[in-house]
Amino acid sequence: MDFIPLVWLIAGLLLLGAEMFIPGFVIFFFGAGALLVSLLTWLIPGLKENLLLQFIIWLVSSGLTLGFFRKFFSKIFRGKEQRDTGEDEFVCKQATVIEPIENNKAGRVSFEGTSWKAIAYDENIRVGDTVEILKKDNLTLIVTRVGGNGEPEKLPYKEE
């Protein structure tokens, strides 16, 4: 039974590490509870043999730390939210059509090595044509065909 504190220590470290892969900032506190049980089983004689008491201490300590410290630590570890405005690094860049874009039907373009869903407002664009990205709407690129001079052939936003 001398290995019990080591088992709790490993479980605690694994739970703390799992927090990086599981969103929600909850499992971290179960890891902290496991580390506390590991420490207590090393310090308190007789606790190593009582597995039920170890689980109770783990559940209570995890629940208490979760209830009292989650809100505080969430403020510290919260990342910055980035909003997609559609006005980003994609606009005015050129891409190559890899699947035809037709009226009312999306196609695909290749941009910086990635395939993107693309739509055009009122034109059909063939495979191999070069297009200019007008806007990024979530995961869809809104494009227009580029003419031979490198300029967009038609700007759907401007009146002709």
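Gly 107 stands opposite Ala 118 of strand E3, in a model that is predicted. E2 and strand E3 (residues 114-119) pair in the antiparallel sense through five bridges; strands here are DSSP runs (E, at least two residues), just as helices are runs of H or I with at least four residues, both numbered from the N terminus. Two strands count as paired if DSSP finds at least two bridges between them. Residue numbers start from 1 along each chain as its sequence is written, and side-chain values rest on heavy atoms, with hydrogens and water left out. Local features need pLDDT of at least 70 and side-chain atom pairs pLDDT 80 or more, while totals for chains, interfaces and linings use all residues.

On to the neighbours of E1. Strand E2 (residues 107-111) is joined to E1 by three antiparallel bridges, with Glu 99 opposite Arg 108 in E2. E1 (residues 94-99) also pairs with E4 (residues 130-137), again antiparallel and over three bridges; here Gln 94 faces Glu 132 in E4. Taken together, five strands close into a barrel in the order E1-E2-E3-E5-E4, with mixed pairing.

Helix H3 (residues 51-77) holds Leu 53, which counts as partly exposed because its relative accessibility is 35%, between the limits for buried (under 20%) and exposed (over 50%) with a 1.4 Å probe and protein chains only.
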